[in-house]
Amino acid sequence: MGLIIDEKSKFLRGVKTVFFLVTMLASLLIISAPVLLVITDSLLPSALLSAASSFSSSPSSSYNYSSLSFLQSLSSHLNNYDFRSSLVDIPLISIIRSAVIFCVYSICDGRTLSRGRYLIVTTLCSLLSLVFVSLKASYVFSGGALIRRSKLGFVSGAMEIALFTCSLVLAIAHVIVAYRTSCRERRKFLIYNIDIEAVSTCKQRFPAVVAQKKLLEE
């Protein structure tokens, strides 16, 4: 009987420990959501563009492409840039958007975050990038361009669609994370102001209560 109770207590202790670790990890992810989203927005579109370029080329050119450095590949994309067909501007837009949002988030303190400046800048950057990506998608996936891209292969076309979808989804995610961050900081300062007002009120009333007690004792 004692062994069964010990096993149950160990099991409950293990469950509580796992629950505590999961809760702490979730809290850490929620607090670090703006930074994690910036890192994802900077790296994921570039990785999708690299995958789309490697799949759209022949095996020999794919080997040459993999042997090139990132700067050489970027310069070659920029030299052959065409708004209606090139895709190099999608990762660049994501990197610029992430850099601006991260700079504003780093500069703003808790009170500034609660006032909505971070949310306003993030919403503006996301809207501008959404307009740009949507306009570019209308050219890239038009009738003639879609026929030309279908000859490159199914995997390459799927990677390009994933690139546009990823950029749009991450732009919306920036706005959602900025809104939740501003609301969390606003609630934090609201609770802080309530506590300060309660303490100041107690400090103001406490001397009056002591004086009234002394009068009653006398």
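In the predicted model, the side chains of Asp-41 and Arg-97 form a salt bridge with an N to O distance of 2.9 Å; a salt bridge is defined as a side-chain nitrogen of Lys or Arg within 4 Å of a carboxyl oxygen of Asp or Glu. The pair joins distant parts of the chain, with Asp-41 in helix α2 and Arg-97 in helix α5 (residues 89-107), 56 residues apart. Both Asp-41 and Arg-97 are buried, where buried means under 20% relative accessible area, exposed over 50% and partly exposed in between (1.4 Å probe, protein chains only). The structure holds two salt bridges. Lys-136 forms a salt bridge with Asp-89, the closest N and O atoms lying 3.2 Å apart. This pair also links distant parts of the chain, namely helix α7 through Lys-136 and helix α5 through Asp-89, 47 residues apart. Both Lys-136 and Asp-89 are buried.

The model is predicted, with local features requiring pLDDT of at least 70 and side-chain atom pairs counted only at pLDDT 80 or more, whereas totals for chains, interfaces and linings use all residues. Residues are numbered from 1 along each chain as its sequence is written, and side-chain values use heavy atoms, with hydrogens and water left out.

The chain contains nine helices and zero strands; these are DSSP runs numbered from the N terminus (helices H or I, at least four residues; strands E, at least two). Of its 218 residues, 26% are buried. Among contacts (heavy atoms within 4.5 Å) between residues at least 6 apart in sequence, 80% join residues at least 24 apart.

The largest nonpolar core has 13 residues, of which Leu-49, Leu-87, Ile-90, Leu-163 and Phe-164 touch the most other members. Such a core is a set of buried Ala, Val, Leu, Ile, Met, Phe, Trp, Tyr and Cys residues joined through side-chain atoms within 4.5 Å. Helices α2 (33-56), α7 (117-140) and α9 (154-217) each give two or more residues to this core, and α9 supplies the largest share, five residues. Beyond its neighbours within four places in sequence, Leu-49 contacts Leu-87, Val-88, Pro-91 and Leu-163. A separate core of nine residues includes Ile-101, Tyr-105, Leu-119 and Ala-178.

An unreviewed UniProt entry places the feature "transmembrane region" at residues 18-39, 90-107, 119-141 and 161-179; UniProt positions follow the numbering used here, feature names are shortened, and annotations may be inferred rather than shown by experiment. Residues 90-107 are 100% helix and 0% strand, with end C-alpha atoms 26 Å apart. Residues 161-179 are likewise 100% helix and 0% strand, and their end C-alpha atoms lie 28 Å apart.
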